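Student: I'd like to go through this model with you and see what stands behind each label. Could we take the terms one at a time?

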Amino acid sequence: MHISALSIRNFRNFKNAKFLFNSGINTVIGENGSGKSNLFFALRLLLDDSLPRNLRLSEGDFNRGISLNWRGHWIIISLEFENLDSSEEAKALAIQISGRIDTQNKGSYALFFRPKFLIRKELYDYSMTPDKNGAGLKLILEKITVKEYETVFLCRGGGDFCEDAVYQRYIGNFEAIEFPDPEDKEELVFGTWLSNEINIHNEISCTFIKALRDVEADLRSYNNNPLVSLLRGKEKTVNVEKQEEIIGSINELNTQISELDEVKEVKMGVDRSIKEAVGTTYAPNINIKSELPNEMERLFQSLKLWVGDPDEAGYEGRIGELSLGGANLIYLSLKLLEYEKVKNDKIANLLLVEEPEAHIHTHIQKTLFESLRENKTQVIISTHSTHISSVSKISSVNILARGQQEAEIYHPFKNLNKDSIGRIERYLDAVRSNLLFAKGVLLVEGDAEQILIPELFKQVIGLSLDEIGVSLVNIGSTGFKNVARLFHEDRIRKYCAIITDRDSSVISLPEDSDLDTKYQKSCRASQKSGDERMVALEKLCDDSWFLEAFYADYTFEVDLLLCDNSLEFTNCLNRIYKNPSNVSKSKEKLENKTPEVAGVEVLRLANKYGKGWLALLVAEQVTCNTYIPEYILDAIAFASSHINEASKAKAVKHRLQCMRSDVSMLYTEEAKKFEDKDKSIETLLEEFCEIFEDDQLTLFLKCL
């Protein structure tokens with residue numbers, strides 16, 4: 001049995017969220033503040049026996065979207081299980097369908113934090129009155145305090161409260177003032193009480209390993225130490241004669257220690273001190289005895305882990321000498337072994353691991369994650385790590401994103417076939433998997449774009465792509481389809497811009513292709529491929545609001561050069577040629593401003609010396625005065641529609657500073673007169689765009 005889904009309604013930053021899980025390893029990835037810790041706490045409220053069973057929720061636990069109007073609403077946290085076995089304990093969770101047990105081997109267990117019966121009855125009665133209105137409902141709701149709420153745990157319910165229609169029907173429609181009769185128990189929807197003979201904590205093991213857990217303390221304790229659990233009961237299998245021999249040796253050792261002169265001296269001193277303080281009549285008799293445990297069970301409990309360094313053969317030390325990451329690794333390994341060897345009688349074992357990358361080396365992260373797949377325990381890991389996400393199965397990933405007063409959950413595998421999922425998983429190495437964490441994504445086809453676009457944006461606009469949460473991913477080809485299809489209403493609802501080339505010929509081509517020279521044939525073939533690629537990408541983008549393609553008329557290098565950026569290229573020539581004559585010839589061509597001459601020359605340089613190498617040289621020459629091709633600006637704007645006002649204001653101040661300090665820039669005089677002090681961000685942006693209407697930043701802002 002394993003958890004297949006977790007539904008959360010109105011809890012903390014989850015207004016209406018549903019997570020999907022598989023058996024084995026599952027990954028939850030997301031930025032800081034997206035709700036990963038809240039997700040784990042929701043799971044623990046249902047399953048973790050280390051939390052108090054009577055733990056009360058408060059009004060602060062209601063989602064911020066309804067924080068001012070939480071009264072009357074419910075917090076609902078519901079688990080769905082799959083692959084229930086035939087045991088009585090598992091069947092107790094099985095969902096009921098029209099009075100019978102679900103034959104699909106599915107079960108449920110849910111927490112409801114709801115108004116008590118009398119409140120629900122009052123809401124129902126008022127909703128049945130003919131003259132009901134918003135003001136009357138408000139009077140009832142305003143009287144409700146969190147003290148009038150109760151927490152109940154029910155199982156076998158089939159209601160999906162993430163569906164608004166279900167929530168409104170069975171909890172209440174506050175706008176329409178329609179509330180259900182609490183006398184109608186609706187057990188098929190809400191579920192029933194768990195049998196008195198069954199305790200969920202006895203049947204399901206749940207361990208939470210937090211990011212900064214004091215593992216050393218856990219390994220010293222009796223209750224939380226998995227080593228103690230693994231050793232428990234082993235003393236009974238030790239041969240009786242061996243037990244007697246060990247216990248006899250310990251008793252003798254206790255006697256020897258107690259009879260030491262040093263021990264007797266201390267005993268006599270303590271005894272004398274007490275008698276001098278209270279007198280011989282009331283003073284107790286004092287002795288000091290060694291109490292090394294002489295019972296096999298207690299002896300096994302006294303066993304401690306000692307660890308050695310793989311790079312320092314022969315040395316062993318206590319667990320406290322390990323780094324926190326090493327201790328976490330040992331604890332996690334012991335916990336998995338405990339589940340496999342000791343707690344295999346449970347109907348389910350769940351391990352929650354919060355950000356293992358906090359103290360674990362990147363190489364170990366990947367190895368650990370891949371090895372965990374083979375364990376029978378269901379593991380849910382939250383992470384920021386691209387190394388862990390790169391070996392995650394897309395079908396076992398939930399992506400958390402920060403929305404307006406609520407978290408958004410994306411399932412990147414939804415409505416994709418097995419082959420498509422497999423291709424994406426093979427592609428997502430540690431570098432490219434950062435697209436799963438981004439607020440917006442740029443997909444590019446080569447090294448030149450990967451090197452130059454971030455530098456262009458940083459120098460010209462004054463913001464880094466990382467700063468605005470945009471990941472640029474080099475596909476390494478023009479095969480965008482497999483990765484681009486992730487960005488869809490059904491999957492990852494983030495904007496993704498594809499930046500590619502149309503590969504139009506930089507030279508004129510004869511109407512009759514039979515008359516083509518070798519170079520013309522190459523240009524014609526590239527142009528044909530570009531046209532076909534454009535048709536395919538437009539079809540792909542038509543299927544998703546979150547996807548759009550942006551094209552260079554020719555190629556990235558040619559379009560960048562023809563944007564009046566010849567200086568950035570000609571300044572590199574001394575790094576390419578040693579002969580001044582070659583520098584002069586190439587410089588003349590690059591400054592020609594026509595694709596037939598300048599375009600041919602820059603492509604020749606790129607092909608001869610490598611696009612990546614040329615891009616590195618050009619990147620060193622980029623300044624705030626460099627022009628970004630319009631299609632690049634449009635693409636970044638599409639992917640960064642989430643950009644906040646503070647970032648826009650920072651970009652404005654950067655452009656103004658550039659204009660004031662560089663006399664070669666457009667609007668230098670206007671910038672010197674522009675007053676940007678003590679203005680609101682809204683006014684600053686509005687006046688900037690009005691005065692500097694042709695500036696690159698204005699063009700960018702208008703595209704957002």
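Tutor: Gladly, and the elements come first: helices (H or I, at least four residues) and strands (E, at least two) are DSSP runs, numbered from the N terminus. The model is predicted, so local features need pLDDT of at least 70 and side-chain atom pairs count only at pLDDT 80 or more, while totals for chains, interfaces and linings use all residues. Residues are numbered from 1 along each chain as its sequence is written, and side-chain values use heavy atoms, with hydrogens and water left out.

Student: How many helices and strands does the protein have?

Tutor: The protein has 30 helices and 19 strands.

Student: What makes something a pocket, and which element gives the largest share of the lining of the largest pocket?

Tutor: On a 1 Å grid over the protein atoms alone, a pocket is an open set of points with protein on both sides within 12 Å along at least five of seven lines, whereas in a cavity a 1.4 Å probe fits but cannot get out; lining residues have an atom within 4 Å of a point. The largest share of this lining, 3 residues, comes from strand 15. Altogether 27 residues line the largest pocket, with Arg402, Gly403, Gln404, Lys439 and His642 nearest its centre.

Student: How do the lining residues of the largest pocket divide by type?

Tutor: They are 8 nonpolar, 10 polar and 9 charged. Here Ala, Val, Leu, Ile, Met, Phe, Trp, Tyr, Cys and Pro count as nonpolar, Asp, Glu, Lys and Arg as charged, and the others, Gly among them, as polar.

Student: Why is Ser420 called buried?

Tutor: Buried means under 20% relative accessible area, exposed over 50%, and partly exposed in between (1.4 Å probe, protein chains only). Ser420 has 2% relative accessibility, so it counts as buried. Ser420 sits in helix 16 (residues 418-427).

Student: And what makes His201 buried?

Tutor: Its relative accessible area is 15%, which is under 20%, so His201 is buried. His201 lies in helix 7 (residues 200-203).

Student: How do Arg12 and Lys593 fall under this scheme, partly exposed or exposed?

Tutor: Arg12 has 26%, which lies between the two limits, and is therefore partly exposed. Lys593 has 57%, which is over 50%, and is therefore exposed. Arg12 lies in the loop between strand 1 (2-11) and strand 2 (14-20), and Lys593 in the loop between helix 23 (580-590) and helix 24 (595-609).

Student: What makes a set of residues a nonpolar core, and which residues have the most contacts inside the largest one?

Tutor: A nonpolar core is a set of buried Ala, Val, Leu, Ile, Met, Phe, Trp, Tyr and Cys residues joined through side-chain atoms within 4.5 Å. The largest has 72 residues, and Leu442, Leu452, Ile461 and Phe556 have the most contacts inside it. Helix 26 (residues 630-639) gives the most to this core, with 8 residues.
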